[in-house]
Structure formats: structure tokens, C-alpha cells
Amino acid sequence: MAVEVRVLKEAAVGERRVAATPETVGKLVAAGARVALQAGAGSAAGFTDQAYRDAGARIDDALAEADLVLCVQAPPVALIEQLRPGTVLVGSLHPDADPARAAALRAGELRVFPLERLPRTTRAQSMDVLSSQAGMAGYKATLIAAQLAPRFFPMLTTAAGTIRPSRVLVVGAGVAGLQAIATAKRLGAQVEGFDVRPETREQIESLGGKFLDLGVSAAGEGGYARALTEEERAEQQRRLAEHLRSVDVVICTAAVPGRPAPKIIGAAMVAGMRPGSVIVDLAAETGGNCEATRPGETFQVDGVTVAGPLDLASMGAVHASEMYARNVFNFVALFLKDAALAFDWDDELLAKTVWPERPADAAAPTA
Ligand code: NAD
């Protein structure tokens with residue numbers, strides 16, 4: 001019997017992405033799945049029901065028959081409760097972020113794969129939704145900053161005189177930060193970036209940015225940053241406060257896995273910036289890198305515009321969905337084989353991603 005795959009129409013307010021595109025539906029069908037999408041699942045991302053039908057899918061809202069359910073954000077509890085025990089659920093599920101959701105997932109005896117838990121290894125790169133979506137977020141954050149700024153980004157020589165280029169500082173040079181640097185550079189700004197991982201210097205410079213050295217180096221485990229000590233934080237803030245007086249735009253992307261966003265820009269530092277400056281804080285979702293940030297809001301304080309957008313990847317829904325859907329397909333291909341679902345629990349990508357722990361039918365872990 002073919003594997004029944006269902007693709008959800010996202011329920012979260014403002015979410016425009018979809019977990020499968022006509023391209024990946026074609027691949028799922030070729031791998032032996034029968035695919036159905038909830039009506040209008042892809043419409044906000046520009047993929048019509050007809051395009052999915054042409055790729056071999058049905059449009060069908062019923063979920064009871066599903067073996068495998070694909071989504072972007074976690075579905076509402078009422079929907080989770082419709083799934084039969086053993087159904088495999090794949091998406092950016094953040095199960096522990098909501099106790100009611102976690103309880104429903106456990107009670108439903110679902111096999112849950114929150115893709116944000118995927119180990120960030122070389123083999124997992126093609127499945128890494130955090131990276132693919134952060135790239136879009138960094139890009140959009142820069143465009144929002146350019147839109148909010150009362151200045152040009154590029155240098156212009158005009159009959160009315162020369163306009164100096166905007167000075168853009170990107171805080172944190174991970175996936176989102178590097179894309180923000182590349183985008184600001186393409187718009188003609190003078191771009192600086194800083195990060196506490198020393199290897200980012202070369203990455204920032206390779207994009208044409210300047211590395212801002214604040215005298216703090218804090219590489220942690222697994223290629224991530226560690227949290228700063230109080231002394232390191234004070235030093236970083238002292239040097240940064242001085243520097244911010246000459247910056248026109250700040251794009252904040254600093255993050256430490258599993259922790260609230262590091263607070264890097266204090267209220268007094270914002271007050272010290274020139275009127276007309278702009279801060280776009282991508283880390284708003286986890287509290288913001290800037291003390292003034294209010295998640296989801298754009299407002300002015302001391303003449304500085306502060307934006308904390310929450311749905312940046314969704315703003316680029318077409319390409320964000322294309323990348324997300326390929327990530328999802330590549331992950332599903334780990335266990336959709338010969339038109340059946342088969343889980344190799346010795347595969348660390350499956351064993352480390354499944355939530356809350358290895359299921360009862362899994363063999364004992366190998367070393
Ligand atoms: P990442 O882990 O790839 O990069 C974070 C970077 O911050 C790392 O390079 C790290 O070294 C650096 N960092 C940590 N502490 C620092 C400090 N004190 N000073 C300077 N740099 C520091 O993460 P990412 O995928 O680029 O995502 C960045 C942020 O954007 C995350 O908070 C993520 O949740 C957020 N995000 C927001 C949206 C949105 O719509 N708002 C969308 C996608 C991602």
C-alpha cells in the first residue's frame with residue numbers, strides 16, 4: 001500500500017509558506033507516495049491547487065488516512081488530535097514551546113520530527129531549514145532597513161552634490177547575518193559586521209564587509225558561540241556604544257542556540273545613535289539583541305526607528321517555500337524508501353531529530 005502524505009495549509013497568522021511545492025510533490029510521488037494537500041495550501045506562496053494536481057497530488061482536507069504529515073509551523077492542537085497514532089509529523093514544530101501542543105503530540109502517539117532539532121552536520125545541510133530560512137530572513141531584514149531609512153544606501157554623485165553611502169553594521173555573522181551583509185553590500189552601503197566567533201572575520205571580508213573588532217572572542221562547541229561572561233559583555237558594550245554613534249543602520253542577528261537572544265544594544269546606546277538611524281532586530285522572536293525591541297513592532301525611540309519583525313522568511317514565501325520544501329523532501333527521503341516508511345535508528349539524523357526521544361520500536365543505540 002502506498003504511503004499517504006498530507007501537506008497542511010498553514011494555520012498561523014501571517015504564515016505564507018508551504019511545506020511542499022509542485023516540484024517536491026513530484027519527487028514524493030516518484031518515491032511511491034500518494035500525496036494530498038489541504039485546499040489552498042500553497043496559494044499564499046504562489047502555488048495553485050492546479051499546479052499540485054498537475055504534479056500528481058490530490059486536493060483533500062481529510063487527515064485521518066495520513067501516514068506522513070508535512071507542515072511549516074506546528075499545527076493547532078485540534079488538528080493534531082485528528083491524526084491517528086503512529087502518524088509521522090515533519091516540520092518546524094518546536095514542541096516544547098507550548099505545553100498544550102507537547103501534550104497533544106504525546107497523547108496522539110505521533111512520531112514527531114521537529115526539523116529545528118536536526119544536527120547541523122555536513123550531511124544534514126540539504127535538510128537544514130534553520131539555514132535556508134535564515135538566509136531569506138537576513139535578506140528581507142536588510143531590505144526593511146533600507147525601506148525605513150531616511151537615507152540612500154549607495155554613494156551618489158549628483159548635480160545636487162555628493163551623497164555619502166549609509167554605514168550599515170550587522171551584529172552576528174551567522175547565516176542570517178552573512179546574507180544581511182551581502183545584501184547591504186549589493187545595495188551599495190558601507191558594511192561592517194561583528195561576531196564573537198573569530199572565523200567570521202574571513203567570511204565577512206569575503207563578502208566585501210569590514211570586520212569590526214570589539215576585542216571579544218567566544219567560540220563555543222559545535223561551531224557555535226558561547227554566552228559571554230559579564231566582563232566580556234561589558235567590554236563589547238563599551239566599544240560598541242562608541243562605534244554606534246557613527247552608524248546609520250544596525251541589523252541584529254546574534255543568537256546562541258537554546259538561549260534567549262544575547263542583549264547587545266542597551267537603551268542608552270540607542271539614545272546615543274544619530275536621529276534617523278534604523279535598527280532591525282531579527283532576534284526579536286527570542287527577546288531581541290536590542291533592549292528597545294518590541295517583537296512584531298516598528299516604532300521610534302529617541303529619533304531612532306526600531307523594528308522587530310517576526311515573519312521575515314514568510315515575506316519571501318515563494319523562495320523560502322522552495323528551499324523549505326526541498327529541505328523537507330531530503331529529510332523524508334531518509335525514511336521513505338520503496339514506497340514504505342522505514343526508520344533506521346542508527347542514522348543519527350533520525351535518532352537525534354525525533355522528539356521527545358527514540359521511539360520504543362527503535363533498536364538499542366550503537367556507539
Ligand atoms: P546563527 O546561529 O547562524 O548565527 C548567530 C550568530 O550570532 C553566530 O554567528 C554567533 O556566533 C553570533 N553571536 C552569538 N552571540 C554573539 C554576541 N554576543 N555578539 C556577536 N555575535 C554573537 O543563527 P541564524 O540562523 O543566522 O539566525 C539569527 C537570528 O535570526 C536567530 O535569532 C533566529 O531565530 C533569527 N531569525 C529570525 C527570523 C524572523 O523572522 N525574525 C527568521 C529567521 C531567523
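This is a predicted model: local features need pLDDT of at least 70, side-chain atom pairs count only at pLDDT 80 or more; totals for chains, interfaces and linings use all residues.
Local features require a pLDDT of at least 70 and side-chain atom pairs a pLDDT of 80 or more, while totals for chains, interfaces and linings use all residues. Residues are numbered from 1 along each chain as its sequence is written, and side-chain values use heavy atoms, with hydrogens and water left out.

Helix 1 spans residues 22-30. Helices (H or I, at least four residues) and strands (E, at least two) are DSSP runs, numbered from the N terminus. The buried residues of helix 1 are T24, V25 and L28. They lie on the same side of the helix, because they cover an arc of only 105° around the axis. The arc is taken over the directions from the helix axis to the C-beta atoms. Buried means under 20% relative accessible area, exposed over 50%, and partly exposed in between (1.4 Å probe, protein chains only). Several elements cover the buried residues of helix 1. Among them are strand 1 (3-7), strand 2 (33-37), helix 2 (49-54) and strand 4 (68-73). Helix 11 (317-332) and strand 16 (336-337) are also included in this cover. After helix 1 comes G32, with a positive phi near 100°.

Helix 4 covers residues 99-107. Its buried residues are R101, A102, A104 and L105. These fall within an arc of 165° when seen down the axis, so they line one face of helix 4. P99 and A107 are exposed on the other side of the helix. The buried residues of helix 4 pack against helix 3 (77-80), strand 5 (88-92) and strand 6 (111-114). E109 follows helix 4 and has a positive phi, near 50°.

P76 is placed in the loop between strand 4 and helix 3. Its relative accessible area is 39%, so P76 is partly exposed. P76 and A104 are 28 residues apart along the chain. Their C-alpha atoms are separated by 9.6 Å.

Helix 6 runs over residues 175-186. Both I181 and T183 belong to helix 6. I181 has a relative accessible area of 0% and is therefore buried. T183 is buried too, because its relative accessibility is 3%. Contacts (heavy atoms within 4.5 Å) were listed for both residues, leaving aside neighbours within four places in sequence. I181 is in contact with V170, V191, G193, I204, L207 and G209. T183 is in contact with Y139, T142 and L143. I181 and G138 are 43 residues apart in sequence. In space they are 8.2 Å apart, C-alpha to C-alpha.

Some backbone angles stand out. Most residues other than glycine have a negative phi, and most peptide bonds are trans. D338 has a positive phi, near 50°. A339 also has a positive phi, near 60°. D338 and A339 lie in the loop between strand 16 and strand 17. Strand 17 covers residues 340-341. D338 counts as exposed, because its relative accessibility is 78%. A339 has a relative accessibility of 28%, so it counts as partly exposed. A cis peptide bond joins W355 and P356, with omega at about -5°. P356 is placed in the segment after helix 12 (348-353).

Rolling a probe the size of a water molecule over the atoms shows where empty space is left. On a 1 Å grid over the protein atoms alone, a cavity is a set of points where a 1.4 Å probe fits but cannot get out. Grid points are joined across faces, edges and corners, and a volume is the space filled by probe spheres set on the points. The search finds one cavity of 30 Å³ or more. The volume of the largest cavity is about 30 Å³. Its lining (residues with an atom within 4 Å of a point) consists of F194, D195, V196, F211, L212, D213, L214, G215, V216 and Q236. Six of these residues are nonpolar, two are polar and two are charged. Ala, Val, Leu, Ile, Met, Phe, Trp, Tyr, Cys and Pro count as nonpolar, Asp, Glu, Lys and Arg as charged, and the others, Gly among them, as polar.

Terms used: On a 1 Å grid over the protein atoms alone, a cavity is a set of points where a 1.4 Å probe fits but cannot get out, and a pocket is an open set with protein on both sides within 12 Å along at least five of seven lines; lining residues have an atom within 4 Å of a point.
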